[in-house]
Structures are given as C-alpha cells and as structure tokens.
Amino acid sequence: MRTNLNLRSHPVPALAVVRNLGILAHVDAGKTTVTERFLFATGTTHKRGEVHDGTTVTDFDSQERDRGITIFAAAVSCDWDGHRINLIDTPGHVDFSDEVERSLRVLDGAIAVFDAVAGVEPQSESVWRQADRHRVPRIAFVNKLDRAGADLDTAVASIRDRLHTVPLVVQLPIGREDGFTGVVDLLRMRALNWVADGDGYVEGPLPEGLREEALRRRRLLEESVAELHPVALEEFCARTQLTEATLAAALRDLTASGEGVVVLCGSAYRNRGIEPLLDAVVAYLPSPVDMPPVRGTLDGETRERTADPDEPFAGLVFKVNATATGRLTYVRVYAGTIRRGDTVLDATARRTERIGRILRVQADRNTEVDRARAGDIVAVIGLKSARAGATLCAPAHPLVFEPPTVADPVVSVAVEARSSLDTDRLASALAQLVVEDPSLTVRTDPETGETVLSGMGELHLEVAVEKIRRSHEGLEIGVGRPQVGYRETVGRGVSGLLYRHVKQEGGAGQFAHVVLDVEPLERAADAVDSGTGAEGFEFRSTVMGGRVPQEYIRAVEAGCRDALTAGPLGGHPVTGVRVTLSDGATHPKDSSEMAFRTAGRLALRDALRASAMVLLEPVIEVTVTVPDSAVGGVLGDLAARRGRVAGSSARAGTAVITASVPLAELFGYASRLRSRTQGRGTFTTRPAGYGPVPAGVVTR
C-alpha cells in the first residue's frame with residue numbers, strides 16, 4: 001500500500017494543497033508522455049495517450065501531432081491524494097524556448113525530465129538555466145530506464161557535472177533495460193514493482209539481491225543531505241543516521257532553496273515510476289503559500305502581494321491564444337479573487353478590461369467556473385487587448401509585475417500573399433501571430449518593401465507560416481529564403497567626437513552641443529549569449545559643473561539608443577558599445593530635450609561610422625549523433641560549414657560530436673545529415689551567442 005510522504009493530520013488551507021508546476025526537458029526526453037501518464041494515473045483520463053499515435057491530450061494542435069513534438073505550452077489539471085496539480089507541458093525544441101520562458105515565469109515548481117541513455121542534453125541544460133533565473137524549485141525524473149544502454153548513475157553524474165547541482169537520488173532501479181520492473185524507495189526502504197501492463201504497483205520488502213546496495217545508497221543519501229541541511233546534520237551527528245521524517249523534511253527544504261535536487265527514476269512509456277513521482281510532487285514541491293510574496297512596482301515604488309484570496313487582485317498574463325470560440329487569455333492569479341463580470345486594470349497598457357468568462361483549462365478543452373482565486377491558473381474570455389506579460393490588477397490597487405523576457409529573433413523570412421486581394425488578410429493573420437507569440441516580429445523592409453517575419457529558428461518560422469495556412473483557408477503565402485539576424489559591434493572606438501546640432505528657422509530654434517566617447521563594451525558578449533534580449537549597451541556621463549542638465553543627459557541617452565537600431569555596415573542592430581557623454585553645451589533659449597535627443601542620435605551615428613566596426617553572426621551549438629562509420633564524413637561537412645568541433649564521445653556504437661556552427665550555414669543541414677548517414681544521424685541545437693564574421697565570407 002502506498003504511503004504519501006506529505007500526509008497531515010490536521011486540516012490544511014485550500015492553497016496549501018495546490019501545486020503549480022511545469023515539465024521541462026530536451027526534445028524527445030518524454031515530457032508529454034509523463035504528462036499523459038499523470039492524467040491517466042490520477043483518473044483524469046481513462047486511456048493512455050501516445051505521442052506516436054497522435055492521441056495525447058496536451059499535444060492537441062494538428063501540427064504537434066503531425067510533427068510528433070510539443071510546440072505550444074499546454075495547461076492541464078489533475079487531483080492526487082487530495083491535492084490539485086496544475087501542470088504545464090512545455091516544448092523541448094530550442095526554437096520554442098520563449099514558450100518555456102513565459103511558462104516558468106508563472107510556475108512554483110518544475111519536473112526536469114532526463115533521458116536515462118543520453119543524460120543531460122543541450123536543451124535540458126538551457127531550460128535548467130532558465131529555471132535558475134526564475135528560481136523555480138525542481139525535482140528530476142530520469143526517464144526511459146527500459147531502453148538499451150540506460151544507466152541511472154551515468155545520468156545522475158551528468159546532472160551533477162553539467163548542471164552544477166547536488167543530485168539527491170531517492171530511488172534505486174530494480175532490473176536493467178528490458179528487465180526494469182520497479183524501484184526501491186530509499187526513504188521507506190521498500191520495493192515497488194509494477195505489474196506487466198503497468199497498471200499499478202505492488203509494494204513489498206527489499207529483494208535480497210539489492211538489500212546491501214540499497215543500504216549503501218541510503219547511507220549516501222543521508223550523508224549528502226546532512227552536508228547541506230543543518231537540522232539533518234545535527235541529527236546525523238547525534239544518531240549517525242536520519243529518520244524518514246527528518247530526511248523527507250530536509251529534502252523538501254533543499255528543493256525549495258535550490259541547494260539540491262531530488263532525483264527519481266522510471267519509464268513513463270511503460271507506466272513505471274509515475275505514482276511515486278506524483279507523491280514527490282506533493283511532498284517536495286512548494287504550494288503558492290510556500291512561495292515568497294510577488295513584487296511589483298508603481299511609479300518606482302515596490303509593492304508586494306501575498307497568495308491570499310482576500311488580498312487585492314493581481315495576476316500576470318503569460319499566454320494569449322485565438323480560438324474558434326474567442327480570444328483566450330491565460331492568467332496566473334497571484335493574489336485576490338476575480339469573478340465573471342469584474343472590471344480589472346491592465347496596468348501595463350493602463351486601460352481597464354472586463355472579465356467575460358473564466359475557464360478551467362484542460363489542454364484544448366475547458367470548464368467554465370464563476371471565480372478564480374490566488375494560486376489558480378485559468379483562461380479568461382473578454383479581454384480585448386491584454387498581451388503576454390501584461391499585469392492585471394484591481395483598479396483601486398494598481399501595480400506592474402516584471403514581464404517575461406523575450407529573446408531577440410535570429411532568423412527572418414520574407415512573406416507575401418500570392419494574390420494582392422489577400423494582402424490585408426495576411427497582414428491581419430501576422431498581427432494575430434505576434435499577439436500569440438511575442439518572440440515573433442513583423443516588419444516592413446524599408447528598401448524592398450517586403451514584409452519580413454522574424455523568429456527564433458527555421459522550424460519556428462515554418463510552424464508560424466503553416467499555422468496561417470491552416471487557420472486561413474484559401475490564403476496562399478509565398479515564403480522567401482531564410483535570412484539570419486546579424487548584429488554589429490565596435491571593434492575600436494573613437495574619443496572626443498564633437499557634434500553640434502543647430503537649427504534656426506524662425507521662432508525658437510534648436511541647439512545642442514555634445515562630445516561623445518565610444519568604446520567596446522567588454523561584457524556585451526555575455527549580454528548577447530544570455531538570449532534574454534539584453535542589448536549590450538551602456539551609457540554614462542562624465543560632464544562636470546552642470547554644463548548639461550540631467551534632463552538633457554537622459555535625452556542624449558535616448559538619442560543614442562535610437563541610433564543603435566541600424567549600424568553603418570549593413571543597417572543591422574548595434575550591440576556591445578559603451579557611450580560616454582564627456583562634454584556639452586546648451587543655449588538659454590534654443591536648447592530642449594528634443595534637440596539633445598537629435599544630437600545624441602546623429603552624434604553616435606557619426607561616431608559609429610568613424611569607429612572600426614565588426615559584423616557579428618549568430619552561432620549555434622550543434623550536437624550530432626551519428627554511427628561510428630559516418631564520423632569522417634560528418635566532420636568534413638561541419639568543417640565545410642565553418643564549424644568548430646568542441647569535443648566528441650563514443651556511446652554504444654555511435655559518436656556524439658559537439659560543434660559551434662554559424663546559423664547561416666545550418667539551413668538544410670537536416671537533409672544533408674540524413675543523406676550522409678543513411679537516415680541514422682540526428683542532431684540538436686541551442687544558441688551559443690554571436691561571433692565575428694570572418695573576412696571574405698559572403699553574408700546572406
């Protein structure tokens with residue numbers, strides 16, 4: 001009989017039994033299958049959905065089912081041992097990392113899923129770092145232990161080495177690969193064996209053949225916990241061991257603080273290890289009341305909201321989706337309560353909106369409810385203009401939360417309607433796309449007049465264009481060749497560049513005199529590499545004696561930012577530059593903020609032209625898995641694509657090659673790799689920042 005580690009003998013507040021969590025992983029690690037098994041184990045569904053059959057609840061979009069991957073974050077809810085679990089299944093492909101970013105912004109916890117054969121993969125590491133930035137407590141699930149070559153210890157070692165965290169393994173597998181049948185619970189020292197069809201497990205004593213190993217691993221777990229947790233250390237020193245209760249409480253504390261990560265294992269596809277994983281969600285991941293108050297600002301003043309239904313309402317929009325029944329706005333309610341018909345303030349846009357209907361979401365299905373309280377994740381119908389990242393709050397108690405960051409797009413394509421009669425339909429469809437996915441941008445090329453759609457990768461743009469085609473019947477779209485998003489930076493700057501802006505055409509004129517120093521910004525590479533949209537620009541003033549008033553200094557900075565939108569080499573955005581306003585002069589009548597903003601823009605434009613500029617291109621870290629016999633050809637192809645091999649390793653008859661390759665050279669790589677490896681080669685990618693374009697390379 002199962003025992004829940006988080007049983008309480010007294011009534012608990014409703015919020016204390018809520019868990020808001022996401023599932024994070026590299027593509028194909030088994031996130032969606034874990035979600036489907038959660039729904040089945042909790043009785044939410046009565047048939048197991050399968051990714052390969054296109055029958056999953058969360059991958060409901062037709063493109064997700066056709067491609068066999070998660071593209072859009074999907075929210076579902078289920079109940080387990082008296083607890084409500086609100087779950088978001090996130091994409092694992094690098095092109096859709098913005099969906100992960102927006103989901104993590106509103107979650108209280110997460111399950112990181114790892115492949116027991118591959119361990120920590122590139123996108124696993126990326127989403128882990130995203131969770132680090134948001135300080136989201138996590139537990140880990142090593143999946144696919146039934147696969148050939150699966151090894152829990154190797155996967156755990158990769159978690160320790162690549163993610164730089166302390167894995168706290170609470171289970172021991174029973175059997176290996178095809179013979180994997182269950183796990184040993186190292187807290188209760190009991191064996192959990194699943195029956196052949198995976199419907200439930202049988203609990204029993206430790207197998208004799210595993211008793212010694214289980215005791216050894218329990219000891220290692222106690223020692224690891226005692227090193228990190230002061231209460232556990234005190235008990236360990238006094239008794240040389242830890243009780244189950246102390247160990248469970250310490251694991252929960254370490255999960256909340258991020259000092260350690262609880263590791264469980266199983267095979268989601270074969271339905272083994274799911275129930276203990278649900279128990280761990282309840283036992284170790286925090287509820288909304290366990291989280292610190294959320295902070296917002298109003299006119300520069302910090303304000304807090306606690307997870308209390310009686311507080312003034314405050315929530316964050318993290319997703320917008322257009323459906324056949326209307327515009328769905330997904331909201332995480334942090335404080336207070338909203339009801340149908342309530343008027344709320346969109347504090348970001350500074351306009352009021354009316355709540356039409358409130359829906360409890362189950363992927364593409366929903367149930368209408370009359371209210372949503374603190375801790376809930378719901379969809380709202382009736383909001384006209386709220387976008388992802390908008391703060392919704394009570395009109396009498398305004399505040400603004402920090403929105404999720406949006407990475408800069410790196411790939412662009414020109415799109416046009418085949419028929420001139422469809423131009424307006426295409427413009428409307430593109431505008432809707434940008435509302436639903438903030439990582440997409442649409443602009444008009446000033447030279448060619450073409451409409452340019454930009455996004456996070458080739459697949460991202462393919463999905464976006466296909467979505468328009470499927471949702472707007474009869475709209476034929478022409479798509480140009482993908483173009484990468486280049487940047488420009490300063491290689492060698494200039495000092496003392498003088499610019500005088502003087503304009504007199506009758507009446508009040510314009511006068512601004514500025515002196516700028518321009519130099520490379522050393523930390524710009526870190527800003528670009530982070531992928532958080534950081535622009536790599538720093539402005540400072542060394543003007544003495546009040547020669548330029550503070551309001552004019554701010555105007556100069558604004559003008560400099562205007563100039564960064566187009567560099568002198570090719571009109572690309574400029575990054576990695578530090579600008580210092582070293583001197584200036586004003587006129588008692590003709591100086592104004594507008595004059596100094598114009599002077600700042602034109603002065604920096606001239607300074608950049610006088611500087612030694614460097615063209616930067618996006619670089620991608622590629623991990624290629626190929627048969628040993630194909631290594632030579634693959635390495636040669638990577639070299640031809642200007643790739644730099646960082647390392648390689650062998651794994652069960654295959655080679656894993658890691659290289660950095662310019663994004664511009666990766667278009668069409670999937671087809672080339674398949675042809676060189678007879679369809680047996682695979683590769684994954686993740687952004688690796690920007691690098692200089694070598695002399696003589698033709699950009700495209």
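**Pockets, cavities and helix packing**

By class, 21 nonpolar, ten polar and 15 charged residues make up the lining of the second largest pocket. The model is a predicted one, and the volume computed for the second largest pocket is about 1,200 Å³. The lining comprises 46 residues, of which His134, Arg135, Val136, Met291 and Pro292 are the closest to the centre of the pocket. Several secondary-structure elements contribute to this lining. Helices H3, H4 and H8 (244–257), together with strands E12 (294–298) and E15 (326–335), each provide at least two residues of the lining.

Two of these contributors, H3 and H4, also pack against one another. Helix H3 spans residues 97–104 and helix H4 spans residues 122–134; their axes come within 10 Å and cross at roughly 30°. Because angles under 35 degrees count as roughly parallel, H3 is classed as roughly parallel to H4. The crossing of H3 past H4 is right-handed. On the H3 side, the contact is formed by Ser97, Val100, Glu101 and Leu104. On the H4 side, Gln123, Val127, Gln130, Ala131, Arg133 and His134 take part. The residues of this contact are four nonpolar, four polar and two charged.

A search over the whole structure returned three cavities of 30 Å³ or more. The second largest cavity has a volume of about 60 Å³. Its lining consists of Ala75, Val76, Ser77, Asn86, Leu87, Ile88, Arg360, Val361 and Ile377. Strands E2 (74–80), E3 (83–89) and E19 (357–362) each contribute at least two residues to the lining of this cavity. By class, the lining of the second largest cavity has six nonpolar residues, two polar residues and one charged residue.

A further helix pair is formed by H6 (residues 208–228) and H7 (residues 230–239), which pack at an angle of about 125° with their axes 6 Å apart. This angle makes H6 oblique to H7. The handedness of the crossing of H6 and H7 is left-handed. Helix H6 contributes Arg219, Glu222, Glu223, Val225, Ala226 and Leu228 to the contact, and helix H7 contributes Pro230, Ala232, Leu233 and Phe236. Seven of the residues in the contact of H6 with H7 are nonpolar and three are charged, with no polar residues.

Helices H10 (residues 423–436) and H11 (residues 458–471) form another pair, with axes that come within 11 Å and cross at roughly 125°. Helix H10 is therefore oblique to H11. The crossing of H10 and H11 is right-handed. In the contact, Leu426, Ala429, Leu430, Leu433 and Glu436 of H10 meet Ala464, Lys467 and Ile468 of H11. The contact of H10 with H11 has six nonpolar and two charged residues, and no polar ones.

How values were computed:
Residues numbered from 1 in each chain as written. Predicted model: local features only at pLDDT ≥ 70, side-chain atom pairs only at ≥ 80, totals over all residues. Heavy atoms only, no water. Axes fitted to C-alpha atoms, helices over the stretch in contact; angles between N-to-C directions. Helix = DSSP H or I, 4+ residues; strand = E, 2+ residues; numbered from the N terminus. Parallel < 35°, antiparallel > 145°, perpendicular 65-115°, else oblique. Left-handed = near helix turned anticlockwise from the far one by under 90°. Contact = heavy atoms within 4.5 Å. Nonpolar A, V, L, I, M, F, W, Y, C, P; charged D, E, K, R; others polar. 1 Å grid on protein atoms, 1.4 Å probe; cavity = no way out; pocket = protein on both sides within 12 Å on 5 of 7 lines; lining within 4 Å. Points joined across faces, edges and corners; volume = space filled by probe spheres on them.
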